[in-house]
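Student: Let us go through this model term by term. I will ask what stands behind each word.

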Amino acid sequence: MVFIPKYRKKTIFGQIREDLGDVMHELARQKDSRIVDGHLMSDHVHMLIEIPPKHAVAKVIGFIKGKSAIYIARR
């Protein structure tokens with residue numbers, strides 16, 4: 001999966017960048033998923049994620065993307 005912020009704004013930097021990886025791993029665990037590999041760039045995120053068949057891919061990705069966006073907005 002590749003996450004791209006609206007208008008490719010350079011929002012993933014500094015302290016947010018260091019904490020965002022841990023936040024995404026925790027959110028994936030809440031949905032019984034596991035992030036196998038990932039890279040945080042300045043304007044997008046590459047992520048290889050294992051999702052069990054009992055969860056819809058769109059629901060898990062939407063959950064992770066939505067909750068991580070709330071985290072970034074609060075920081």
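**Terms and values**

Tutor: Start with charge. The protein chain has 14 positive and 8 negative charges, and their mean positions are 9 Å apart. Lys and Arg count as positive, Asp and Glu as negative; His and the chain ends are not counted. Each charge is placed at NZ of Lys, CZ of Arg, CG of Asp or CD of Glu. The model is predicted: local features need pLDDT of at least 70, side-chain atom pairs count only at pLDDT 80 or more, and totals for chains, interfaces and linings use all residues. Residues are numbered from 1 along each chain as its sequence is written, and side-chain values use heavy atoms, with hydrogens and water left out.

Student: What pattern does the protein chain follow along the sequence?

Tutor: The pattern is β-α-β-β-α, with 2 helices and 3 strands. These are DSSP runs numbered from the N terminus: helices are H or I, at least four residues; strands are E, at least two.

Student: Why is the protein chain called as compact as a globular protein of that length?

Tutor: Its radius of gyration is 12 Å, close to the 11 Å that the globule rule gives for 75 residues, so the description holds. The radius is taken over C-alpha atoms, and the rule is 2.2 Å times the number of residues to the power 0.38. The C-alpha atoms fill a box of roughly 35 × 20 × 20 Å along the principal axes.

Student: Why is Lys-10 called exposed?

Tutor: Exposed means over 50% relative accessible area, buried under 20%, partly exposed in between (1.4 Å probe, protein chains only). Lys-10 has 54%, so Lys-10 is exposed. Lys-10 sits in the loop between strand 1 (2-3) and helix 1 (14-30).

Student: Which residues does Lys-10 contact, leaving aside neighbours within four places in sequence?

Tutor: Ser-42 and Asp-43. Contact means heavy atoms within 4.5 Å. The C-alpha atoms of Lys-10 and His-44 are separated by 8.2 Å, though the two are 34 residues apart along the chain.

Student: What makes a nonpolar core?

Tutor: Buried Ala, Val, Leu, Ile, Met, Phe, Trp, Tyr and Cys residues, joined through side-chain atoms within 4.5 Å. The largest such core has 15 residues; Phe-3, Met-24, Ile-35, Met-47, Ile-49 and Ile-64 have the most contacts inside it. Helix 1, strand 2 (34-40), strand 3 (45-50) and helix 2 (57-74) each supply at least two of its residues. Helix 1 gives the largest share, 5 residues.
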